[in-house]
Amino acid sequence: SPFINQQAGKYVTSAVGQILAYDRRDSRIDPTSGYLLSLSNQYAGLGGKVAYLKNTINGSWFYSPFEDVVLNVRGAVGDIERVRKKT
């Protein structure tokens with residue numbers, strides 16, 4: 001892609017982020033039922049040449065139909081937006 005070729009080289013990225021999670025699993029280490037939802041944000045542009053805002057929503061669902069069998073369905077959707085840095 002021409003866009004990717006334009007980005008070739010070395011860049012410095014400085015980013016800060018946060019995650020907000022809602023956890024309804026029966027165990028954090030070995031879950032067999034429940035779900036986990038999270039929203040994360042990351043802002044890059046405090047220093048360096050790269051600047052963007054990234055948002056992601058994640059979901060994970062656990063279900064045990066039989067003993068010693070756990071089904072896990074996961075999904076994620078996200079968006080990244082380039083931010084213009086003031087010079």
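User: How do you know what confidence the chain has?

Analyst: pLDDT is the predictor's confidence in each residue, from 0 to 100. The chain has a mean of 90, and 97% of its residues reach 70 or more. Confidence is lowest in helix H1 (residues 2-6), at a mean of 76, and highest in E3, at 96. Where pLDDT is low, the predicted coordinates should not be read in detail.

User: What makes E1 and E2 a pair?

Analyst: Happy to show you! Strands are DSSP runs (E, at least two residues) and helices are too (H or I, at least four), numbered from the N terminus. Two strands pair if DSSP finds at least two bridges between them. Strand E1 (residues 13-23) and strand E2 (residues 34-48) have 10 bridges, in the antiparallel sense, so they pair by that definition. Among the facing residues, alanine 21 has serine 38 as its bridge partner, and threonine 13 stands opposite glycine 48.

User: And what joins E2 to E3?

Analyst: E2 and strand E3 (residues 52-66) pair in the antiparallel sense over 11 bridges, with leucine 37 opposite glycine 59. These two strands form a hairpin with three residues between them.

User: Why are E1 and E4 said to stand at the edges?

Analyst: The open sheet of four strands has the order E1-E2-E3-E4, with antiparallel pairing. E1 and strand E4 (69-82) each have a single partner strand, so one side of each is left without a neighbour in the sheet.

User: Why is serine 60 called buried?

Analyst: Buried means under 20% relative accessible area (exposed is over 50%, partly exposed in between, with a 1.4 Å probe and protein chains only). Serine 60 has 11%, so this residue counts as buried. Serine 60 lies in strand E3.

User: Which residues is serine 60 in contact with, leaving aside its neighbours within four places in sequence?

Analyst: With contact meaning heavy atoms within 4.5 Å, they are Gly34, Tyr35, Leu36, Asn72, Val73 and Arg74.

How values were computed:
Residues numbered from 1 in each chain as written. Predicted model: local features only at pLDDT ≥ 70, side-chain atom pairs only at ≥ 80, totals over all residues. Heavy atoms only, no water.
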